[in-house]
Amino acid sequence: DFSLIRQEELSRLGLLDTDKVISDTDHLYERHLLHRVFLTFRSEHSRWVIGKQLIDWGRMRGYSPLDIFNPPSPTDIEPEERIGFDALTVEYFTGPTNSFQFIYGPGRDTQETSFGVKYTQKIGTYDWSLVAAKKEKDKTIGIGFDGYIKGAGFRGEFSYTKNGPERYPRAALGLDYNFPHETYAFFEYF
């Protein structure tokens, strides 16, 4: 088990390396890691967050093409428990149902630096979002929506990513429903 834990290098996931091994013997392995620290400021029309944070732009319940900054690994047992992303996030609320969000994630050099912008707008009974982002070498644009068809939740996402000469689209559609007697079902196609 210790060799598996030693393989996980978490220092590459943050600008500030707080991953320190305290003791490493055959019978004892101790490691210190500061999981997530952030500072939030809120005003009437904006929200500012600096530090390691969960930036979840996706609408899907499973795998999400718009989860650009810290997507869960398909092998994660608890995908909602993600490490986070070091960034400055500024969200400006331009109305009761729309907002702009700006993200700057400093890197060790210009290639590792990340940034993004997301515009969210409610149209009818659906929430729509347009995104454009650069995370390390990936440049992504996308669109997402979520709303309802009668009593069922309906959501979808599309993204187009460029990484050097490689280009690839990704799309997902999902439907979920709460049945009587505490039964919940969802279907997603990626």
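**Close-up 1. Arg59 and its salt-bridge partner.** Arg59 is buried, with a relative accessible area of 17%. The model shown here is predicted. Arg59 forms a salt bridge with Asp146, and their closest N and O atoms are 3.7 Å apart. This pair links distant parts of the chain. Arg59 sits in the loop between β4 and β5, while Asp146 belongs to strand β9 (residues 138–149), 87 residues apart. Asp146 counts as buried too, at 18% relative accessibility.

Close-up 2. Asp176 and Arg61 meet through their side chains in a salt bridge (3.6 Å, N to O). Asp176 lies in strand β11 (residues 166–179) and Arg61 in the loop between β4 and β5, 115 residues apart. Asp176 is buried, at 9% relative accessible area. Arg61 is partly exposed, at 46%. Shared partners join Arg61, Arg155 and Asp176 into one network of salt bridges.

**Close-up 3. Ser99 in strand β6.** Ser99 is found in β6, residues 98–105. Ser99 counts as buried because its relative accessibility is 6%, under the 20% cut-off. Its side chain makes a polar contact with the side chain of Glu91 (3.3 Å). Ser99 also touches other residues, including Tyr92, Phe93 and Tyr119.

**Close-up 4. The open sheet.** 10 strands form this sheet, in the order β3-β4-β5-β6-β7-β8-β9-β10-β11-β12, with antiparallel pairing. From one strand to the next, the twist averages 10 degrees. Strands β4 (residues 46–53) and β5 (residues 85–95) pair over eight bridges. Val49 has Thr89 in β5 as its bridge partner.

Notes: Residues are numbered from 1 along each chain as its sequence is written. This is a predicted model: local features need pLDDT of at least 70, side-chain atom pairs count only at pLDDT 80 or more; totals for chains, interfaces and linings use all residues. Side-chain values use heavy atoms; hydrogens and water are left out. Two strands pair if DSSP finds at least two bridges between them. Helices (H or I, at least four residues) and strands (E, at least two) are DSSP runs, numbered from the N terminus. Axes are lines fitted to C-alpha atoms, for helices over the stretch in contact, and angles run from 0 to 180 degrees between N-to-C directions. Buried means under 20% relative accessible area, exposed over 50%, partly exposed in between (1.4 Å probe, protein chains only). A polar contact is a pair of N or O atoms within 3.5 Å; within protein, one must be able to donate a hydrogen and the other to accept it, and residues adjacent in sequence count only if both atoms are side-chain atoms. Contact means heavy atoms within 4.5 Å. A salt bridge is a side-chain nitrogen of Lys or Arg within 4 Å of a carboxyl oxygen of Asp or Glu. Lists of a residue's contacts leave out its neighbours within four places in sequence.
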